[in-house]
Amino acid sequence: DIEMSNNISQPGIIDRNLIFLCRAHDSQLKYSEKYTDIKKSIQISLNTNYSNHFELVEQYFMTNRHGEVLTDKFEIDMVDVDFGSKMYYNDSNKSKLVRWCKVLNTNKRDELENILGCDLMSNKTKEKLMDEVDKYSTDEEGIQLYSKYTKAEIEHRSLLAYNKEIEEKNS
């Protein structure tokens with residue numbers, strides 16, 4: 001399961017992601033199959049506006065309070081996209097994950113095309129992506145097709161929810 005969040009600290013986002021991962025994990029088992037047949041479920045959570053103590057990836061498992069892992073069949077990998085984007089400029093040996101972080105965080109077409117290079121996806125897929133970026137990046141109506149709010153309204157509502165949560169924590 002792969003999820004992307006612009007603000008993981010927004011109320012309900014982590015709970016939503018957990019539900020998605022649990023559904024994916026649960027859907028593996030068919031009637032009359034053994035529980036031991038369940039494979040590992042991993043959620044990769046790509047997050048912007050997220051600070052995870054200066055690590056590109058933090059892994060979470062089901063553990064007890066002493067840190068002992070209950071099972072290895074349930075894992076959540078939290079990727080700090082902003083941190084990965086900063087690593088892109090500071091790391092001469094750019095991993096594919098660091099490059100994908102920069103892809104997800106760039107807003108310049110020529111930079112996007114350069115970061116993708118020729119090894120992150122096929123040329124045909126890259127051409128299709130660049131066509132879609134050109135088509136939707138400036139199309140406010142296209143953005144509204146996927147949301148009942150405009151991009152500006154989504155950003156405003158996210159900021160309000162984040163500020164409310166901060167106020168509640170400080171109260």
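User: Where does Ser 32 lie, and why is Ser 32 called exposed?

Analyst: In this predicted model, Ser 32 is found in the loop that runs between helix H1 (13–26) and strand S2 (41–47). Its relative accessible area is 68%, and exposed means over 50%, so Ser 32 is called exposed.

User: What makes the phi of Ser 32 worth a remark?

Analyst: Most residues other than glycine have a negative phi. Ser 32 is not a glycine, and yet its phi is positive, at about 75 degrees.

User: Why does Val 81 count as buried, and which residues is Val 81 in contact with, leaving aside its neighbours within four places in sequence?

Analyst: Val 81, which lies in helix H2, has a relative accessibility of 0%, and because buried means under 20%, the label applies. With those sequence neighbours left aside, Val 81 is in contact with Leu 46, Asn 47, Thr 48, Cys 101, Leu 104 and Asn 105.

User: Which residues of helix H3 are buried, and what do they pack against?

Analyst: Within helix H3 (residues 96–105), the buried residues are Val 98, Arg 99, Cys 101, Lys 102 and Val 103. The buried residues of H3 pack against strand S4 (69–80), helix H2 (81–90) and helix H4 (109–116).

User: How do you know that the charged end of Lys 94 sits over the ring of Tyr 88?

Analyst: The charged end of Lys 94 is 5.0 Å from the centre of the Tyr 88 ring and is assigned as sitting over that ring; the distance part of the definition asks for a value within 6 Å.

Technical notes:
Residues are numbered from 1 along each chain as its sequence is written. This is a predicted model: local features need pLDDT of at least 70, side-chain atom pairs count only at pLDDT 80 or more; totals for chains, interfaces and linings use all residues. Side-chain values use heavy atoms; hydrogens and water are left out. Helices (H or I, at least four residues) and strands (E, at least two) are DSSP runs, numbered from the N terminus. Buried means under 20% relative accessible area, exposed over 50%, partly exposed in between (1.4 Å probe, protein chains only). A charge sits over a ring if NZ of Lys or CZ of Arg is within 6 Å of the ring centre and within 35 degrees of the ring normal. Contact means heavy atoms within 4.5 Å.
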